[in-house]
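Please open the structure in your viewer and keep the selection panel at hand.

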Amino acid sequence: MQVKKAVFPVAGLGTRFLPATKASPKEMLPLIDKPLVQYVVEEAVAAGIEQILFVTGRGKRAIEDHFDISFELEALLQEKGKNDTLREVRDIAEMVNIFYVRQKQAMGLGHAILCAREFVGNEPFAVLLGDDIIDAEKPCLGQLLDVYRKYRGPVLALEKVPMENISSYGCVRANGITDRIFEVTDLVEKPKREEAPSDMAIIGRYVLTPEIFPILERQEPGKGGEIQLTDALLKLSKDEAIYGCLFEGIRHDCGDKLGFLKATVDMALKREEFNTEFEEYLRERLCRRQD
């Protein structure tokens, strides 16, 4: 069965970006001229996803508005003859079918995914986290879907991270199938450095099967008092094979202020309309600091 549905958990409060996120969703923070969440939606669409479910919470109305039609704005752009901008705005509302459900309590990623049970039904599905912006020649999700089509089991995106940072991630122990594909044998949520099974961290891209839902439904709260997806995946791994994929590409952790700044610089340097001038500016500022 092909993967045509994706779940976007976006109910988090974004406390690491306060006060900017006091009244605006973290997912709507602009990276150059698009909100973070649009980059991730575009990745999903490029990988063949046809339906998206946003698992939202209070204060997330801006996400719905962004992916909706804006009649007043479109009329204004048409009146002013800004046809290129008009086309770009219309494309946002037309790129994919989008649905919404509320996560009434912030009970963790596992609980957010459980909220998507009715939407998913009895189909495999993708999960994408808006914090991770992945710049890749082939969409990161597309790489995971290639693994799913070959092995027909859940697939996790993996990235090797410095061991001093491993406690910020869920991580895995795994047996290599190829240099980039693994069979996962153990999963640990945010382990201490000395207890981590490896340096391979789980990144915010997943391909899951509906067998995860009964496990999530019975899952006891774990780290942070939340329903942890990692804990549920560990239980699922006892009954069926779970795979990991070391994706090819550059990940920007935009849930972190420094990561967001790095993403802004890297994405700006890729934009032809101002990359030369921007690079010159950065070199000039660096020279001034060194002086």
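Buried denotes a relative accessible area under 20%, exposed one over 50%, and partly exposed anything in between (1.4 Å probe, protein chains only). The model is predicted, so that local features need pLDDT of at least 70 and side-chain atom pairs count only at pLDDT 80 or more, while totals for chains, interfaces and linings use all residues. Residues are numbered from 1 along each chain as its sequence is written, and side-chain values use heavy atoms, with hydrogens and water left out.

**Stop 1: a salt bridge across the chain**

Select Arg117 and Glu217. Their side chains form a salt bridge with an N to O distance of 3.1 Å; the term requires a side-chain nitrogen of Lys or Arg within 4 Å of a carboxyl oxygen of Asp or Glu. Distant parts of the chain are linked by this pair, since Arg117 belongs to helix H6 (residues 117-120) and Glu217 to helix H8, 100 residues apart. Helices here are DSSP runs (H or I, at least four residues), as are strands (E, at least two), and both are numbered from the N terminus. Arg117 counts as partly exposed because its relative accessibility is 33%, whereas Glu217, at 54%, is exposed.

Remain in helix H8 and select Ile212. Is Ile212 buried or exposed? Its relative accessibility is 0%, and Ile212 therefore counts as buried.

**Stop 2: salt bridges within helices**

The whole structure contains 21 salt bridges. For one of them, select Asp146 and Arg149, whose closest N and O atoms are 2.7 Å apart. These residues are separated by about one helical turn because they lie three residues apart in helix H7 (residues 140-151). Asp146 is partly exposed at 33%, and Arg149 is partly exposed at 47%.

Next, select Glu279 and Arg283, which form a salt bridge with closest N and O atoms 2.8 Å apart. Both residues belong to helix H11 (residues 275-290) and are four residues apart, about one turn of the helix. Glu279 counts as partly exposed at 34%, whereas Arg283 is exposed at 53%.

Then select Asp33, Arg271 and Glu273 together; salt bridges link these residues in a network.

**Stop 3: polar contacts**

Select Lys34, which is in strand S3 (residues 34-35). Which side chain does Lys34 meet in a polar contact of 2.8 Å? The partner is Glu42. A polar contact is a pair of N or O atoms within 3.5 Å; within protein, one must be able to donate a hydrogen and the other to accept it, and residues adjacent in sequence count only if both atoms are side-chain atoms. Lys34 is classed as buried because its relative accessible area is 18%.

Move to Gln103, in the loop between strand S5 (97-102) and helix H5 (109-114). Gln103 is buried as well, at 8%. Its side chain reaches the backbone oxygen of Gln105 at 3.3 Å and the backbone oxygen of Gly108 at 3.4 Å.

**Stop 4: backbone geometry**

Most residues other than glycine have a negative phi, and most peptide bonds are trans. Select Leu18 and Pro19: the peptide bond joining them is cis, with omega about 5°. Pro19 is situated in the loop between strand S1 (5-9) and strand S2 (30-31).

Select Ile32, in the loop between S2 and S3. Phi of Ile32 is positive, near 65°, and the residue is partly exposed at 26%. Continue to Arg152, in the loop between H7 and strand S8 (155-160). Arg152 has a positive phi of about 55° and is partly exposed at 46%.

**Stop 5: a charged surface patch**

Finally, select Arg16, Lys190, Lys192 and Lys223, which form a patch of positive charge on the surface. Patches consist of residues with over 30% relative accessible area and no salt bridge, with like charges joined within 9 Å and nonpolar side chains (Val, Leu, Ile, Met, Phe, Trp, Tyr) within 5 Å. Lys223 lies in the loop between helix H8 (212-218) and helix H9 (229-236) and counts as partly exposed at 44%.

Methods. Areas by Shrake-Rupley, 256 points an atom, 1.4 Å probe, with all protein chains shown as cover. Lys, Arg positive; Asp, Glu negative; His and termini not counted. Charge placed at Lys NZ, Arg CZ, Asp CG, Glu CD.
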